[in-house]
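Let's take a walk through this model together. Have the sequence and the 3D view open side by side, and we'll go from the overall layout to a few local details.

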Amino acid sequence: MKTPTIAMVVALLLAACAADASEVIVLGSKKFTESFVLSELAKRSVEEAGFHVEHRQGMGGTIILWEALRQGSIAAYPDYTGTIQEEILKRPIAPSVRALRQQLAQYGVGVTEELGFNNTYALVMTRVRANQLSIQKISDLSKHPELRLGLTHEFLGRRDGWGPLQGRYGSKILNVRGVDHTLGYLALLNGEIDVKDAYTTDAKIDENDLVVLVDDLRFFPLYRAVFLFRLDAPPRAIQALRRLEGTLDEARMVHLNKIAELTKDYSSAADSYFKQIGQVGNFSRSESFEHRLARWTVRHLILVGLSLAAAIVVGIPLGIYASREGFISEIILGLTGLIQTVPSLALLALLVPIPFLGIRPATAIVALFLYGLLPIVRNTATGLRNIPPQIRDAAEVLGLKPRIRLLKIFLPLASPSILAGIKTSAIINIGSATLAALIGAGGLGEPIISGLNLNDKTTILEGAIPAAVMAIAAQGLFSILDRFIIPRGLQLRPA
Amino acid sequence: MIRFHNAGKSFGSTVALQPTDLQIPANKTTVLIGLSGSGKSTILRLISGLLEPTTGWIEINGKKLTRASLLEFRRRMGYVIQSGDLFPHLTARRNILLVAQELRLGIDEMTARVKELCALTRFPSTLLDRYPVELSGGEQRRVSLIRALMLKPDMLLLDEPMGALDPMVRAGLLGDLKSLFERLNTTVVMVTHDLVEAARLGDWVVLLNAGRIVQQGPFAEFSLCPAEPFVSEFFHAQMEVVQS
């Protein structure tokens, strides 16, 4: 009975992977506006070369994209020379494109020439606050240990980020919080923080007249934008990518970022780029809202449905084991409980480096499956444990075999509890599946993340409302299912 | 015939039944009586194999009761307890037929047997398709009896079958049990704490106290020649409750 169960789960997961393995060029982008825009440009360019292109937006940080590229889940993504040197190669080499190309070749990864702009990290403040404290340079920060800093999580953790910077400049600021990049700008403008990290090409700097603090000790390396691509990608696709080389200076990039943030639409930024270089964006295919919503919803349902099915198939037998007294049952309940305590984002990040998973929907399904286990296992075990002793005695003395007892008596009696577990699991998964977009698995999380990036409430709601509706619908659906699945004798009230 | 050979049961340091020798006669009704915790239910649970003795062994019809032979013995046992032993998710009929269906008995045979048992226990067959929750306490006990008797058992074990019923229902069921036991002519072992039940139903009465048999014999002997002061105390206490 166990082997077919496992085989079924594997088949489900493979099906999820197979749906993803067609002959399209997949591009990735990091979770910030400029990266979205660059990949959108690359998408247009490669599409024009005759390929079908899929853009996985906002897949998270450098390491996730690098792993995805190495595993072949994506064919290319935009990155910066300083980041490649510091975060990927972790070697103090001169970040010339040529040197990087030599180093990266051993991983089967190629680098385009510079796209034309340098987008380095910077620390920014509002002009009012900077004037008030007369801060112009990063070294001025050490005179004001009372400053409140809101830094992105990536910047806090990087080798060229806050820790080493503090070492170099010798500042002793303690009030440092991790804040999302886009939300950090809001916090800065509202005066909730004094300093934040920024990319020098952020449109927000110009828009809000922010002061970029001078890197007087020359701490930040150069971050020249390039595309990383797989050397085994189709040569015509690589060629199309390389057409973007040297076409973007800083002013132009700032402008494109601004368009993206104003129009809340990355493809319109791409339109602007191609208009400027004389190619009318006639291949721009703006998807209607209904179509997008349907695509997100279907993908979301697939993520939740497959993971829930696997959790049911595995969770109920585990719950049956766990209902018995003893050591193994403690281990089962302990482990499934432990999985639940790992934050969902961390679980995704932990699963990505595992072979055969990587950056693809299957990884999200595995993560959701693991999350879905606990309610089902626990409720199955509790439902079985709560069966009254006189019922157990009666079933035993009647001379029914253990398997028949389980199937005909104990499981039907535990069915209300088991169904409640499945319901909890489904609703948790509908919520958690929105995080799947971070590893490019799509679903209703796509508009939520892209909306967070653009600080656009409408876009966030495009994902959040359908997700909430789906959770309520699931609740209703299970109430109806209860009536059909729970034996009638258990639903009656005493006369 | 059921024989206990020095059979006893302890849970850790708590003795539920001291090592006991006991013979339960075949085709008679034996009533085990005593206060709660006296060990009377333990005897019944040892016979049904729900408990294993910690000392000695038990013999049924000349064969030793072991874990391996348990299933075979159980198919020849009927077991009824105080309440809540019916499967709530099955109708009365499906409760009754569950084991017979597992054994793939013929439908005609099963239908005839159910009809016969409904008459014997005075259970209206129109109620067979109700769920346990839709039946009264007395009706539930009758269904439990029919279920226990379905496979024509060699012995019928009853653990306080009337314990949870109100007095009116109880009086009715008591009379029905009396005539049922007479007509079945099978080995019946019944646990109760009620003297009236013991007097009316028991061919042989076994009085227990604190895990030990105090006296056994026909009911009349208990008041005529009590074996020790506890016997008289037990009888008088119950009579006082009845009179007050």
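Chain B has 9 helices and 10 strands, where helices (H or I, at least four residues) and strands (E, at least two) are DSSP runs numbered from the N terminus. Keep in mind that this is a predicted model, in which local features need pLDDT of at least 70 and side-chain atom pairs count only at pLDDT 80 or more, while totals for chains, interfaces and linings use all residues. Residues are numbered from 1 along each chain as its sequence is written, and chains are lettered from A and ligands numbered from 1 in the order in which they are written.

Of the 244 residues in chain B, 40% are buried. Here "buried" stands for 20 or more other C-beta atoms within 10 Å of the residue's own, "exposed" for 12 or fewer, and "partly exposed" for anything in between, with C-beta atoms placed from the backbone. Take the contacts in chain B with a separation of 6 or more: 67% of them join residues 24 or more positions apart. A contact is a pair of residues whose C-beta atoms, placed from the backbone, lie within 7 Å.

Now for where the chains meet. On the chain B side, 22 residues are in contact with 21 residues of chain A. Helix H2 (70-74), strand S6 (77-81) and helix H3 (92-102) of chain B each bring at least two residues to that side. By class, it has 13 nonpolar, 4 polar and 5 charged residues; Ala, Val, Leu, Ile, Met, Phe, Trp, Tyr, Cys and Pro count as nonpolar, Asp, Glu, Lys and Arg as charged, and the others, Gly among them, as polar.

Over in chain A, look at helix H2 (residues 33-48). 14 of the 16 residues of H2(A) are buried, so the rest of the structure largely encloses it. Just after H2(A), A:Gly50 takes a positive phi of about 100°.

A:Ser134, with a phi of about 45°, is found in the loop between helix H6 (127-133) and strand S6 (149-151) of chain A. Is A:Ser134 buried or exposed? A:Ser134 is exposed, with 9 other C-beta atoms within 10 Å. B:Asn61 has a phi of about 50° and lies in the loop between strand S4 (55-60) and strand S5 (63-64) of chain B. B:Asn61 is partly exposed, with 13 other C-beta atoms within 10 Å.

Technical notes: Two residues are in contact if their C-beta atoms, placed from the backbone, lie within 7 Å.
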